Amino acid sequence: MDEKIIEAIDLNAWFGEKQALQNINMYMQKNMVTAIIGPSGCGKSTFIRCINRMHETIPGAKASGTLLFKTQNIYSRKIDPVILRRQIGMVFQKPTPFPTMSIFDNVAAGLRLNGENNKQRLCDAVEKSLQEAALWNEVKDMLQKPGVSLSGGQQQRLCVARALAVKPEILLLDEPCSALDPISTGKIEELLHELKKHLTIVIVTHNMQQAARVADFTSFFLLGELVEFGKTKKIFTAPTDTRTEQYITGRFG
Amino acid sequence: MENGQPRSFKIRKIKEKVFLAATMLATLAAIVPLFSLLTYVVIKGISSINLDFFLHCPVPVGESGGGMANAMVGTFIIVSIGCLFSIPIGVLGGLWLAEWGKGKRGFYIRYAVDVMAGFPTIVFGIFAYMLFVLTMKRFSAIAGGFALALVMLPYITKTTEEMVRMVPRSLKESALALGLPEWKVMIFVVLRSAWSGIFTGIMLAVARAAGETAPLLFTAFNNMYWNFRLDQPMASMTVQIYNYAISPFEEWNNLAWAGSLTLVSIILFITLFVRKFSRRVTYG
């Protein structure tokens, strides 16, 4: 099954006068993990922040071009970014549990604040999301404790659960492991293998081994341009562009 | 040169001691007035505090006894009216300044709030007098509450702005990424995270407003009797203390001390309570 769920066509993005992305053309396949690698400042975070229209929330930032989600251009006027973000979830670099909320409330936040009040349905959704995020067994007896009382790795899985609770079709991960230790990182990576059965995942990472381990497709960004995009195996074993080869062999970046 | 210490080293040590002593003396000088004031108020006030003081209204000249019961309730009501005006405006205004007030407009509003914080409070009293007393043709609790609201407003606005600024951007982003509309993110995530700090600011503003006399003198005026109607003159502790204090009767002067002691205790209690129970939120 190689259905394109996201496709960028000549996507450009700016921060004020500074162009952060130049004519990006690539796609994400459904139920696959796509990794985006590249040195700092290459535009990889900007790119995934365009996919759920978070980019434009930064003052002065804008984007142009076409970004298809299934068949709709998400940059068309008809699209409400608020609704779009329920279909395209996101987890950030630093774990960001809501500080005043319990573990339960953190996971329920997206549903509850969008109007779901049925207690049973909330409980079910929270349990299911925590299970999907492989956190349920660790927290099931302390759901009323504050979310910030968990360890960093648990907090990050809590954020994954919180994103999953609103039932997105795509999950964007912006360097989700860069603040975590290797064991927590391993847990998140295992999780991705499970999640891709019913989700499409895009992960930005600094860590090339991580991309090689988790991703089906990998794209390499440099200075706001997409240098190379293809099956992970091919990118890491037989890259066509010399810059990709230099980067993955550690000669720069 | 003794045991390897050059002369300049010794001089530096002496300088350090002198400077340390000077700072300690300055600190002492700053807290001595506070403590002597507190002691004085306690000594003068404690003898006139009894159950009657808390349960009775003032009595006419010539009769003995009388208290400040109506004034205490009055202060509570007037400050509550002040809260009713100032909390919603202050909190929303502070939120606006923190989130959208980066441009020129924000600069001028922030400047106005700073100026307002330093305003002589009697000016707020005059303003409320013009707005309410002159139009209603009588003194009223609501005029007093409005004047106190103006006293409280800049404090609440400034604390809210500061507390909201401390909420990290990443927290807002993760709420937005859940597909929540911005106004819900602001209320249920940003304000809620900043709330304990904002509450501290509100309580300190309440403590400050409760101790104000000038804005109440010609707005809420005063009342010797119980009054719960907001469109009528109402007693307050500060104005009652003022009236007791300037009277030529010794018993009334003593009641003024007792009132001062009570008011200072309440304000001290609020401040300590806020210190103790306002825990800082840790982000992430």
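What share of the contacts in chain B with a separation of 6 or more comes from residues 24 or more positions apart? I looked it up: 73%. I took two residues as in contact if their C-beta atoms, placed from the backbone, lie within 7 Å.

Ground rules first. This is a predicted model, where local features need pLDDT of at least 70, side-chain atom pairs count only at pLDDT 80 or more, and totals for chains, interfaces and linings use all residues. Residues are numbered from 1 along each chain as its sequence is written, and chains are lettered from A and ligands numbered from 1 in the order in which they are written.

**Fold of chain B.** I found eleven helices and zero strands. Helices (H or I, at least four residues) and strands (E, at least two) are DSSP runs, numbered from the N terminus.

**Extent and burial.** The C-alpha trace of chain B spans about 80 × 70 × 30 Å along its principal axes. Of the 284 residues in chain B, 39% are buried. A residue is buried if 20 or more other C-beta atoms, placed from the backbone, lie within 10 Å of its own.

**Helix 6 of chain B.** I checked residues 141-166 next. Helix 6 of chain B is mostly covered, with 23 of its 26 residues buried. I noted a bend of about 35 degrees at M152(B), and P154(B), a proline, follows within four residues. The bend is the angle between axes fitted to the seven residues ending there and the seven starting there.

**Contact with chain A.** I see 19 residues of chain B in contact with 25 residues of chain A. Helix 7 (169-176) and helix 8 (182-210) of chain B are the elements giving two or more residues to that side.

Notes: Expected span 1.5 Å × (residues − 1). Buried ≥ 20, exposed ≤ 12 C-beta atoms within 10 Å, placed from the backbone.
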